[in-house]
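Please look at the sequence and the structure first.

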Amino acid sequence: MSDSKIAILGAGAWGTALALSLAQQHELTLWSHNAAAAAELARTRRNEAYLPGFDLPSGIHITADLQEAAAAKVLLCVVPSQHMRTTIEALRPSLRPDHILISATKGIEDHTFLRMSEVMQQAAGMPIHVGVLSGPSFAQEVAAQMPTAITIASTDADLAQKTQRGFSSPSLRLYTNDDVIGVELGGALKNVIALSAGVVAGLGLGSNSAAALITRGIAEITRLAVACGGRRDTLAGLSGVGDLVLTCTGSLSRNRTVGIELGRGRKLPEILEGLHGKVAEGVRSTTAALGLARKHGVEMPITEQMEAILHQGKSPKEAIRDLMSRPGRDE
C-alpha cells in the first residue's frame, strides 16, 4: 500500500487529520460532499470549519467529484454514519474489484442496526475488500502529530498488514486485528457511554461516579460485542477500553461535551446547534445500540438511561438515580 493512491472520503475533522497524517507517504485526494467547501479548502489550504490551525500540504488534491476520488485504489471512508450508505451507493458506478475500502467511521446504522463495514458491503452491491480503522484518536492530536496508536481490523490479513505498513508513521502506530465485529462495536458504543460520562460531569457527581460509569460501560459494551460474535479480548484493547477512556475523559470529546451540557440542563437541539455541523455520533448510535441489544437479548442499562435522556425527556438526575437503585448483582 506504500505506493497506492488514497482518497479520503469526508473532509470533516477526522478526515482532514488523516489526510495530514498520510500526506507525507502517499498521493492523496480529499473529497468533500460540499462543492463550496471543497473550493474553499483548495483555495485556503485550511479547514477552518472543522479542524482550524493546520495547513494542508499542496500535494493533497481536493475535490467534490466522488467519481474522480474513486480513481484511487484505497478509499478511506470518514463520512458520518448516517451518510455511509448513500456515499457508497453513489460510488457504485466506479467501484472496481481491486478497490480497498476502509471505514474510519464509528457508528451503527439506524433501523438496520448494521455496523459500518456491513453497510459498505451491502451498499457496494459487489464483493469488496473491507477494513476498519478505529481506536483512541482525537483528530486535533493526530493532526498535530502527537503519538497515537490505533487498530486496523480486517478478516483479510494481507489487507490489514498492508494498511499497517502503509499508514504507520513516527506519530501513528497501527495494530492489526481480525475481529472486525469487536473493533467496530467498541468504537461505536463507546460514544454512548461518553455521553453518559459527560452527564455525570455536568451534574458534578465526582470522580467516583465517573470511574464506576466507565467501568460498567465497558462491561455492557463487551456483553453486546460478544453476543454479536466479537471477542472479549478485543474490548480490552485499543478499540475498546482505550477508545472508551479517551472519549469519556478527554476535553476534546464531542460526545462527552454534549453529555456535560445535558447534565447542566440544556436541551439537546440547542446543544447540537452549538456544534456548528460537527457530529456527536453517540446521539444517533444510542437508539441503534439499543435496537441491536434487544435483537440479541442483551441488557444495557446505561444505554437505556441515555436513550431516555436524549429522546424521552428524562431528567439526568432521575436517570442516575434509577441506575443507582437497580437490584444488586455480582460483578
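## The second largest cavity

Strand S8 (129-134) and helix H8 each supply at least two residues of the lining of the second largest cavity. Helices (H or I, at least four residues) and strands (E, at least two) are DSSP runs, numbered from the N terminus. The model is predicted: local features need pLDDT of at least 70, side-chain atom pairs count only at pLDDT 80 or more, and totals for chains, interfaces and linings use all residues. Residues are numbered from 1 along each chain as its sequence is written, and side-chain values use heavy atoms, with hydrogens and water left out.

A cavity is a set of points on a 1 Å grid over the protein atoms alone where a 1.4 Å probe fits but cannot get out; lining residues have an atom within 4 Å of a point. The space in the second largest cavity is about 50 Å³. H8 gives the largest share of its lining, four residues. Among the lining residues are Lys106, Met116, Val183 and Glu184.

## The largest cavity

The whole structure holds two cavities of 30 Å³ or more. The volume of the largest is about 70 Å³. H8, H15 and helix H16 (316-324) are the elements that give two or more residues to its lining, and H15 supplies the largest share, four residues. Leu213 is one of the lining residues.

## Helix H9

Just after H9, Gly229 takes a positive phi of about 110°.

## Salt bridges

A salt bridge is a side-chain nitrogen of Lys or Arg within 4 Å of a carboxyl oxygen of Asp or Glu. The whole structure has 20 of them. One joins Asp243 to Lys106, with the closest N and O atoms 2.8 Å apart. This pair links distant parts of the chain, 137 residues apart. Asp243 is buried, at 0% relative accessible area, and Lys106 also counts as buried, at 15%.

Arg266 pairs with Glu261, the closest N and O atoms being 3.1 Å apart. Arg266 is partly exposed at 30%, whereas Glu261 counts as buried at 15%. Glu261, Arg264, Arg266 and Glu270 are linked in a network of salt bridges.

Key: On a 1 Å grid over the protein atoms alone, a cavity is a set of points where a 1.4 Å probe fits but cannot get out, and a pocket is an open set with protein on both sides within 12 Å along at least five of seven lines; lining residues have an atom within 4 Å of a point. Grid points are joined across faces, edges and corners, and a volume is the space filled by probe spheres set on the points. Buried means under 20% relative accessible area, exposed over 50%, partly exposed in between (1.4 Å probe, protein chains only).
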